[in-house]
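This report describes selected features of the structure shown below. It covers strand pairing, the relation between the chains and the surroundings of the DNA.

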Number of protein chains: 2
Amino acid sequence: MIHIQVVDTSRTSPHCAHDKRVSCGNCRLNTLCLPLSLHIDDIDRLNEIVQRGRPLQKGEYLYRANDRFTSLFAVRSGAVKATTLSDNGEEQVTGFYLPGEVVGMEGLAEDRYTNSVVALETASICEIPFHSVEELSVKIPSLQRHIFQLMSREITQDQQIITLLSKSTAEQRIATLLLSISTRNSRRHLSATSFSLPMSRTDIGNFLGLTIETVSRVFTRLQKQGILEVNRKDIVINDLDELRSIATGTE
Amino acid sequence: MIHIQVVDTSRTSPHCAHDKRVSCGNCRLNTLCLPLSLHIDDIDRLNEIVQRGRPLQKGEYLYRANDRFTSLFAVRSGAVKATTLSDNGEEQVTGFYLPGEVVGMEGLAEDRYTNSVVALETASICEIPFHSVEELSVKIPSLQRHIFQLMSREITQDQQIITLLSKSTAEQRIATLLLSISTRNSRRHLSATSFSLPMSRTDIGNFLGLTIETVSRVFTRLQKQGILEVNRKDIVINDLDELRSIATGTE
DNA sequence: CGATCCATTGAAAGATGTCAAGCGTAGTGG
DNA sequence: CCACTACGCTTGACATCTTTCAATGGATCG
């Protein structure tokens with residue numbers, strides 16, 4: 001949906017995607033944040049409402065549960081995880097967010113965030129104040145629709161996770177997560193078969209409703225079958241098709 | 001968020017909540033559909049865009065997965081369930097919707113519904129075409145915010161379900177579901193401790209990621225502990241506090 | 001080099017699933 | 001009106017998967 005850039009006026013060369021001065025208009029990720037195309041002037045207007053992005057170090061919080069809701073955040077580089085507290089006070093990872101993806105939408109309902117979002121590695125973030133989105137949405141109907149769609153997509157994704165947790169074995173869950181990361185990488189024109197996991201085994205287990213021991217054992221098993229190569233956080237998928245059939249349970 | 005009434009001009013007495021001619025303005029459920037209050041004229045405008053509601057019989061579909069997205073639907077009476085297909089083709093119940101609650105928001109993302117929604121018992125539904133919502137949202141900023149909040153609420157609820165499925169035992173899941181229904185009933189000024197479940201054991205198990213045998217055993221166990229009385233679909237909660245501590249795992 | 005954190009591995013226990021049988025209620029047809 | 005059937009629900013015995021507990025290995029950092 002909205003992709004907001006960190007704008008640093010102290011630098012030059014505005015057309016390099018890595019440059020902090022890059023605008024939403026020439027950001028490499030804008031097809032992800034803005035799945036439907038806006039007019040050039042609308043993108044410029046978006047640019048204007050973007051607040052200064054702040055690079056987060058690993059472990060730093062973007063926001064915490066119960067903080068007042070102010071903004072949506074687009075991940076520009078790095079990765080973050082969202083967590084919420086369960087009834088008994090345990091932490092539950094509700095999602096991992098990679099470059100081009102947007103967090104914070106859960107905060108609207110009660111005007112406070114229900115999740116905490118923390119950097120899994122150094123991450124630069126584009127922040128867009130929601131009141132600006134609301135104002136701009138009234139002027140740009142297609143932007144309003146983008147926001148609706150962005151939230152709707154979050155709903156469908158959460159429902160897919162519900163299905164995953166409700167129906168699947170440990171192997172299916174992990175295969176599905178790996179495929180999800182693989183797909184999201186290839187959308188960003190990165191390798192679909194070779195990548196580094198930004199999250200720990202603990203995070204994976206927490207997210208997938210498994211213990212870290214089970215996560216570890218599944219990785220080992222998939223490696224012994226020759227489907228994966230696992231070296232700490234580095235993953236190489238040797239047999240994408242086989243991983244898919246494990247994920248769907250079609251064996 | 002939006003509560004839309006079935007309008008039947010052939011009848012009279014517009015102020016009775018059971019009457020089909022009742023308007024959004026005097027519907028008993030409007031504090032649920034419209035969590036924030038709109039101005040009187042805005043509510044009238046809402047009324048105008050509402051399309052004729054259709055009463056569904058048990059087993060009838062409101063819409064099916066892959067149908068083109070057109071509308072949001074508010075449940076006025078009865079109950080429906082939403083289901084989606086998992087990767088391997090199995091059905092997954094993603095939610096139960098009671099009077100005052102809204103379904104269909106997941107359809108926006110891809111302009112097609114990803115869920116199917118079917119009546120669990122005779123249900124009357126208020127339908128609001130989404131293009132009308134979009135147009136009206138531009139004129140009524142608070143309506144735009146209502147829709148955003150409604151979708152955000154669906155996100156937080158789905159994330160709570162994720163937490164439930166990821167972390168909880170069979171007893172916790174069922175206790176939580178019962179408490180959820182209890183709470184939603186009391187919001188509608190119905191009994192929080194004595195009600196009839198609209199869904200089958202199969203649906204409960206499917207939703208909670210359990211087999212029907214496990215669901216049945218948990219009901220039996222809770223009954224033997226004196227916390228519940230279970231008679232097919234009829235539930236009486238004898239010890240709400242104890243049920244709460246089971247749900248949270250605080251025992 | 002030692003301490004610490006994260007990950008892996010093994011053995012045993014526990015929870016839920018599977019398979020199978022039986023029960024009750026509701027609906028159907030004689 | 002009764003018997004029969006079908007369906008949903010319950011219950012038991014056993015199998016399976018994941019967790020729990022415990023120990024070890026390896027990498028990173030001071």
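Which residue in strand 6 of chain A is the bridge partner of A:Lys81?

## Strand pairing in chain A

The model is predicted. Within it, A:Lys81 has A:Val118 as its bridge partner in strand 6 of chain A. Strand 3 of chain A, residues 80–85, pairs with strand 6 of chain A in the antiparallel sense, over four bridges.

Strand 6 of chain A, residues 116–119, also pairs with strand 1 of chain A, residues 61–63. This pairing is likewise antiparallel and runs over two bridges. Here A:Val117 of strand 6 is the bridge partner of A:Tyr63.

## Surroundings of DNA strand C

There are 18 residues around DNA strand C. Those that come nearest are A:Arg201, A:Ser216 and A:Thr220 from chain A, and B:Ala170 and B:Thr214 from chain B. The elements that give two or more residues to this surface are helix 6 (201–208) and helix 7 (212–224) of chain A, together with helix 7 (212–224) of chain B.

Helix 7 of chain A gives the most, with six residues. By class, the surface near DNA strand C has eight polar, five charged and five nonpolar residues.

Definitions and conventions: Residues are numbered from 1 along each chain as its sequence is written. Chains are lettered from A and ligands numbered from 1 in the order in which they are written. This is a predicted model: local features need pLDDT of at least 70, side-chain atom pairs count only at pLDDT 80 or more; totals for chains, interfaces and linings use all residues. A residue is near a molecule or strand if its C-beta atom, placed from the backbone, lies within 6 Å of it. Ala, Val, Leu, Ile, Met, Phe, Trp, Tyr, Cys and Pro count as nonpolar, Asp, Glu, Lys and Arg as charged, and the others, Gly among them, as polar. Two strands pair if DSSP finds at least two bridges between them.
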